[in-house]
Amino acid sequence: MTSTGRQALGVDVGGSGVKGAIVDLDTGELVGERFRIETPQPATPDAVAQAVAEVVRHFGWTGPLGVCYPGVVVDGVVQTAANVDQSWIGCNAEEIYSKALGGQRVTVLNDADAAGLAEQRYGAGRNRNGVVVLLTFGTGIGSAVIHHGMLLPNTEFGHIEVEGKEAEHRAAASVMERKGWSYRKWTKQVTKVLVAVENTIWPELIIAGGGISKKADKWIPLLKNRTPVVAAQLLNTAGIVGAAMAAAEEQSAG
Ligand code: BGC
């Protein structure tokens with residue numbers, strides 16, 4: 001399928017699945033079904049590129065294509081791999097994906113940055129003009145900072161040190177699972193991370209994303225930090241939608 005109107009294909013590469021969908025950029029909604037395949041193990045750049053190509057071929061898509069990655073990406077080049085295969089570091093992900101797709105243009109960005117763009121335009125960050133921070137709680141902690149609709153990429157608040165420990169080692173959702181903590185116990189750690197973030201950047205709103213935001217009513221009310229915290233609204237489509245947005249913007253800019 002080629003692009004009709006304002007549509008783009010977004011692909012979210014996660015630890016367990018590679019998921020893609022065509023996104024209607026006027027509404028932020030998916031056009032048709034999401035398509036998902038298992039993330040290959042080990043998730044090396046070439047293996048993931050083949051998986052991404054399979055998802056793109058499923059849609060027969062030749063229009064703007066965005067893919068998000070769970071680490072720092074600068075000009076298409078991966079700089080970090082905190083929770084994924086180390087062989088990604090230094091790889092030009094845009095080139096690798098493009099090659100697997102016979103030269104099709106691809107935009108690659110950080111997964112939390114993609115989610116932040118999507119929430120800001122279509123979700124919990126709509127109509128906010130001040131600084132909005134999105135934090136995703138999953139295997140690690142991802143972050144996005146948005147101001148007046150503009151993204152400041154690669155903020156990586158999951159790696160700031162909070163009371164002598166990296167934020168994501170203290171308060172990722174995976175820490176709660178691994179340690180068998182209650183929401184109450186976990187939110188004490190999340191509060192510490194949020195206080196560190198809000199004292200550094202003073203957002204007007206913090207959006208909590210990642211899989212655990214589906215159960216936001218169980219833990220957001222327990223937080224004790226200063227800035228209002230709301231749950232993400234796009235849930236498991238935010239990465240796809242944000243990747244599609246980034247691709248449409250970059251590729252229309254030439
Ligand atoms: C990575 C971030 C990523 C986050 C969520 C962190 O470990 O450093 O870049 O956004 O995990 O996937």
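**Ground rules**

I work with a predicted model, so local features need pLDDT of at least 70, side-chain atom pairs count only at pLDDT 80 or more, and totals for chains, interfaces and linings use all residues. I number residues from 1 along each chain as its sequence is written, and side-chain values use heavy atoms, with hydrogens and water left out.

**Entry 1: the ligand**

I looked up the ligand's neighbours. I count a residue as near if one of its heavy atoms lies within 4 Å. The shell holds 13 residues, and the closest are Asn110, Asp111, Glu156, His159 and Glu168. Helix H3 (111-122) and strand E9 (141-147) each give at least two residues to this shell. Helices (H or I, at least four residues) and strands (E, at least two) are DSSP runs, numbered from the N terminus.

I then sorted the shell by class. Ala, Val, Leu, Ile, Met, Phe, Trp, Tyr, Cys and Pro count as nonpolar, Asp, Glu, Lys and Arg as charged, and the others, Gly among them, as polar. The shell has five nonpolar, five polar and three charged residues.

Which atoms of Asp111, Glu168 and Gly71 lie by oxygen atoms of the ligand? For Asp111, a side-chain N or O atom is 2.5 Å from a ligand oxygen. For Glu168, a polar side-chain atom lies 2.7 Å from a ligand oxygen. For Gly71, a backbone N or O atom is 3.4 Å from one.

I also checked how much of the ligand is covered. Alone, the ligand exposes 310 Å², and the protein buries 92% of that. These areas come from the Shrake-Rupley method with a 1.4 Å probe.

**Entry 2: the largest pocket**

I searched a 1 Å grid over the protein atoms alone. A pocket is an open set of points with protein on both sides within 12 Å along at least five of seven lines, and a cavity is a set where a 1.4 Å probe fits but cannot get out. Lining residues have an atom within 4 Å of a point.

Where does the ligand sit? It sits in the largest pocket, meaning that more than half of its atoms lie within 2 Å of the grid points. The volume of this pocket is about 1200 Å³; a volume is the space filled by probe spheres set on the points, which are joined across faces, edges and corners. The lining has 50 residues, with Asp12, Gly14, Gly15, Pro70 and Asp111 nearest the centre. H3 gives the most to this lining, with four residues. By class, I found 17 nonpolar, 23 polar and 10 charged residues in the lining.

**Entry 3: the second largest pocket**

This pocket has a volume of about 410 Å³. It is lined by 22 residues, and Leu109, Leu117, Leu151, Pro153 and Ala246 are the closest to its centre. Elements giving two or more residues include H3 and strand E10 (150-152). The lining has 10 nonpolar, six polar and six charged residues.

**Entry 4: the cavity**

How many cavities of 30 Å³ or more does the whole structure hold? The search finds one. The largest cavity has about 30 Å³ of space. Its lining includes Gly116, Glu119, Val132 and Ile207. H3, E8 and E9 each supply at least two lining residues. The lining divides into six nonpolar, three polar and one charged.

**Entry 5: the backbone**

Most residues other than glycine have a negative phi, and most peptide bonds are trans. I noted two exceptions. A cis peptide bond joins Gln41 and Pro42, with omega about -5°. Pro42 is in the loop between E3 and helix H1 (45-59). Asp75 is not a glycine, yet its phi is positive, about 50°. Asp75 lies in the loop between E5 and strand E6 (77-78).

Note on methods:
A polar contact is a pair of N or O atoms within 3.5 Å; within protein, one must be able to donate a hydrogen and the other to accept it, and residues adjacent in sequence count only if both atoms are side-chain atoms.
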